[in-house]
Amino acid sequence: MPTLVSRFALAGAEDEVPPARHKVVDCVRAWGVALDDDVADMIRVVASELISNAVIHGAGPVTVVLCHRPGRLVIVVSDRKQQAPVARCAADSDESGRGLALVDHFTVRSGWEPRAHGKRVWAEIELPKSPPAIRAVVLRRFFAARLRCGTGPALQPLARPAA
C-alpha cells in the first residue's frame, strides 16, 4: 500500500496550535483510519507537543507533514532553528516541561535531525489498521483525485476472475 502524505504550513503563532492538532486528526480520519477517542486523543497530544515546541522554542514558519501507512502515522514538524529539542525534568508543580516525555510515552519512536535551514522533529505512532474495504475506498478516491488534477498516471482496473 502506498504511503499517504499531507503537508501544511503555519506562520509560527501560538494560536495556530489548537486548530493544527485537530487538523492532524481530521486528516488521518479522512484517510479512512478508524480512530477511537483514545487514539485520536493520543495523536492530538503528540501533534500538539511537537507543534507547540516548534512554535515556542523554534523559529520562523512551521511545516507539518503527516505520513501514513497501514498501522503507522509519522508526524514531522520542521522549523528554522537548528537547536536540538531538550527534554526537561519537570517538577510536580511545573505547568510545562513534560512535552517530550509525553511524546516518548505515546510513540513507537521519535527523534530529530538538523537540516540546512533548521531542524525536523518526528514521531511515529502505531495506529489501528483499517479494514481492507475502507482502505480500498480511500485509495480509489485518492487516485481519482490525482487523475482529475492530472498528477497521476491513468490506472487500469484489475481484472477479477469469473466466479
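Gly-71 touches Ile-125, Glu-126, Leu-127 and Lys-129, residues up to four places away in sequence being left out of the count; contact here means heavy atoms within 4.5 Å. The model is a predicted one, in which local features need pLDDT of at least 70, side-chain atom pairs count only at pLDDT 80 or more, and totals for chains, interfaces and linings use all residues. Residues are numbered from 1 along each chain as its sequence is written, and side-chain values use heavy atoms, with hydrogens and water left out.

Gly-71 is found in the loop between β2 and β3. Helices (H or I, at least four residues) and strands (E, at least two) are DSSP runs, numbered from the N terminus. At 7% relative accessibility, Gly-71 counts as buried; the term buried means under 20% relative accessible area, exposed means over 50%, and partly exposed lies in between (1.4 Å probe, protein chains only). Gly-71 and Lys-129 are 58 residues apart along the chain, and their C-alpha atoms are separated by 4.8 Å.

The protein as a whole contains 4 helices and 5 strands. Along the sequence these elements follow the pattern β-α-α-β-β-α-β-β-α. Of its 163 residues, 32% count as buried. Among contacts between residues at least 6 apart in sequence, 63% join residues at least 24 apart.

The largest nonpolar core has 35 residues. Such a core is a set of buried Ala, Val, Leu, Ile, Met, Phe, Trp, Tyr and Cys residues joined through side-chain atoms within 4.5 Å. The residues with the most contacts inside this core are Leu-35, Ile-43, Ile-51, Val-64, Leu-73, Ile-75 and Leu-127. Two or more residues come from each of β1 (4-10), α1 (17-30), α2 (37-57), β2 (62-69), β3 (72-79), β5 (118-126) and α4 (132-149). Helix α2 gives the most, with 10 residues. Val-64 touches Ser-6, Arg-7, Phe-8, Leu-10, Val-24, Ile-51, Ile-75, Val-76 and Val-77, again not counting residues up to four places away in sequence.

Helix α2 was also examined for its length and its N-terminal end. At 1.5 Å a residue, its 21 residues should span 30 Å, and its end C-alpha atoms are 29 Å apart, which agrees. The expected span is 1.5 Å times one less than the number of residues in the helix. Asp-36 caps the N-terminal end of α2, with a side-chain oxygen 3.2 Å from the backbone nitrogen of Asp-38.

Strands β4 and β5 pair in the antiparallel sense over 7 bridges; two strands pair if DSSP finds at least two bridges between them. A hairpin joins β4 to β5 through 2 residues. The bridge partner of Gly-111 is Trp-122 in β5.

A search of the whole structure finds 6 salt bridges, a salt bridge being a side-chain nitrogen of Lys or Arg within 4 Å of a carboxyl oxygen of Asp or Glu. In one of them the side chains of Glu-124 and Arg-109 meet at 2.5 Å, N to O. Glu-124 lies in strand β5 and Arg-109 in strand β4 (residues 109-115), so the pair ties together parts that are 15 residues apart in sequence. Glu-124 is buried, with a relative accessible area of 8%, whereas Arg-109 is partly exposed at 49%.

Two further salt bridges involve Glu-113. Its side chain meets that of Arg-115 at 3.6 Å, N to O, and that of Arg-120 at 2.6 Å, N to O. Glu-113 is partly exposed, with a relative accessible area of 26%. Arg-115 is partly exposed at 41%, and Arg-120 is partly exposed at 29%. Elsewhere, salt bridges that share partners join Arg-72, Arg-109 and Glu-124 into one network.

With residues up to four places away in sequence not counted, Glu-124 touches Arg-72, Leu-73, Val-74, Thr-107, Val-108 and Arg-109.

Conventions
A polar contact is a pair of N or O atoms within 3.5 Å; within protein, one must be able to donate a hydrogen and the other to accept it, and residues adjacent in sequence count only if both atoms are side-chain atoms.
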